[in-house]
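Please open the structure in your viewer and keep the selection panel at hand. The tour goes from one selection to the next and says what is there at each stop.

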Amino acid sequence: MSVPILKFDAVVVGAGGAGLRSAIQLSEAGLKTAVLSKVFPTRSHTVAAQGGVAASLGNSEEDHWRWHMYDTVKGSDWLGDQDSIEYMCKKAVEVVVDLEHYGMPFDRIDNGKIYQRPFGGHMSNFGEKPVRRACAAADRTGHAMLHAMYQRNVKANTQFFVEWMALDLILDAEGVVVGVSAMEMETGQIVIFHARAVIFATGGSGRIFAFSTNAFINTGDGLGMAARAGVPLEDMEFWQFHPTGVAGAGVLITEGVRGEGGILRNAKNERFMERYAPNAKDLASRDVVSRAMTTEIKEGRGCGPNKDYVLLDITQLEPEKIMKRLPGIREISIQFAGVDPIKAPIPVVPTAHYQMGGIPTSYDGRVVALGADGGNVVVPGFYAAGECACASVHGANRLGTNSLLDLLVFGKSAGDSALEDLKGGKAHRELPKDAADRARERIDAIDRRRGGVSVHEARQAIARAMQDHAGVFRFADLLHKGVAQILEVEKMVRNLEIKDKSLVWNTARVEALETENLIEVAKATMISAEARKESRGAHVRDDAPDTPEFPNGRNDKEWLKHSLWYREGNRVAYKPVRLKPLTVETVALKTRSY
Amino acid sequence: MERAEIERLRWRCTRRGMLEVDMVLGRFLEDAFGRLSESEQRAFIELADYDDMALWRLISARDECEDARLASIVAMLRGCR
């Protein structure tokens, strides 16, 4: 059966912040650019980012990109590549000014400059005191960014393919990326996008966990496609968890609730944080609170029929204070926990929030594989940016407001690198004869199968395996069992069956294809986490505790390196962390403490 | 509504930018949509076309619905658990 072919200079997969930013570079330079998205661009998950975008503009007080760089390296627990981090922090001012030109409605101070507010981990003078570095548009920064960049793309004639799902990367015999196969949901038609450059900006994949703040759209489609094409996934053991997501729902309860006097309690009604952090108690840092909660649950002091959550209690606060100081919290609690927090405590659990790892790239947005000499080798024609990519600037732990910065800087650099590589009007390389075969075979197999596993069942199994074995606090025995379990779950995913076989608007088929992407991310996470025998940043193991020899459990002698998980054989390789910045001196290794 | 229309609506309700909106619209579609009159269904479809932020502010009662045609659906969404 012949498959229609659409020819573009560049194809961008994903229309969130990173995808839109790279498409602006390409379209404004006159390249014929397609952007594929499962949803309308302004409904991408970037919309949920409220905090702001970090840039050392110094509008309210002195600031410097080198201070921002220091904070980011320290935040990453020294796993971030310092060349990428220097590049990002230096470029921050430029990409924020670009946004202003696109019409982004930033909040302003009296002199007309962009208003900046402080944010956790962002300090002045190499960690001395908090600095105002986050540029925001009220509590809708991500929303405003998407709108400004979408309009800019429309003006530049970017062609949007909305409600299309990318299926698989197409490489030729020499390993050059020459396009992507995709499916139009409205018709079920498979189409080949033949391109000279393919940019992945598909976002995160938090839906691998049972408890996640991520929207349902975040199924790791780019990571699944990359893994199937033989590209490794980097540092996938590092996931940031937020301590207070509503149990069973994932929806975030802001840290402000504890700031206003909210108390965490276990099934015995104990204020357990007194034991873990006698001074800061419930206001200890995110990772400390999350680990304490997990320990309480693991030791049988969780609440509810399954003893699998703890309680966030604000019943002691005046109802007026709750309504005034914590707007929306009562409504979230009533809507998603079925609990009025004025009368009863809110069930909460540590909840997966952000994926630090992803498709390996250098700071110019080019995807890189591991060369025979242990160095980076570019995968020609392939670029990635945003949460799906790993540049790596967040290393083992991301600072707030650095995610919007990441997608702007590397969205732009990926676009610029593609432009540079396409200079001189190189012709499209020939498509391989079997270009659409992989995608076609996957869909045919799902359609043909009888007596298989339902998508719902397989997704539940992935989410349960990840939550139980690779959550916020990790244990050697559980990780070990988790690897065996996720490989069993993979067999379920290889056996998916859908009842609805229709072509038009078959959401069951799309969900089955998403599940095939989720399982790749889940395996990468579990296997990389089991293999890394230290604690670092967001990856904290019970068997790698804080000792004088290894403060915080971090072991730089053996583990100052990036993990690279390969789908074939579930192999994990390693590559060195790039400690040398582009122009300044290395931020020397030291213990991360605040 | 035809199957394809329902499926498209399901996709547009449960693949949003915000988890909160995914969950509320998804539940409403499962539990309440089928019982609505034709005009109420049209009103819901119109609301589902709103931006996530605008819709979430309406659902979480931080904004009031100023469009009388949609207000009853907003009230139902607020009560949807």
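**First stop: two helices of chain A**

Select Trp65(A), His68(A), Met69(A), Thr72(A) and Val73(A) in helix 2 of chain A, and you will find that they meet Gln82(A), Ile85(A), Glu86(A), Cys89(A), Lys90(A) and Ala92(A) in helix 3 of chain A. Two residues are in contact if their C-beta atoms, placed from the backbone, lie within 7 Å, and helices (H or I, at least four residues) are DSSP runs numbered from the N terminus. Sorted by class, this contact has 6 nonpolar, 3 polar and 2 charged residues, where Ala, Val, Leu, Ile, Met, Phe, Trp, Tyr, Cys and Pro count as nonpolar, Asp, Glu, Lys and Arg as charged, and the others, Gly among them, as polar.

This is a predicted model, in which local features need pLDDT of at least 70 and side-chain atom pairs count only at pLDDT 80 or more, while totals for chains, interfaces and linings use all residues. Residues are numbered from 1 along each chain as its sequence is written, and chains are lettered from A and ligands numbered from 1 in the order in which they are written.

**Second stop: two helices of chain B**

Select helix 2 and helix 4 of chain B, which pack at an angle of about 65° with their axes 10 Å apart. The contact is made by Glu20(B), Val21(B) and Val24(B) of helix 2 together with Asp52(B), Leu55(B), Trp56(B) and Ile59(B) of helix 4, and by class it has 5 nonpolar, no polar and 2 charged residues.

**Third stop: where the chains touch**

Show both chains, and look for the 22 residues of chain B that are in contact with 29 residues of chain A. On the chain B side, the elements that give two or more residues are helix 1 (3-14), helix 2 (19-31) and helix 4 (52-59), and the largest share, 6 residues, comes from helix 1 of chain B. The residues of this side of chain B divide into 8 nonpolar, 3 polar and 11 charged.

**Last stop: around Ile199(A)**

Finally, select Ile199(A), which, leaving aside its neighbours within four places in sequence, is in contact with Ala10(A), Val12(A), Ser22(A), Tyr383(A), Ala384(A), Ala385(A), Ala414(A) and Ala418(A).

Technical notes. Axes fitted to C-alpha atoms, helices over the stretch in contact; angles between N-to-C directions.
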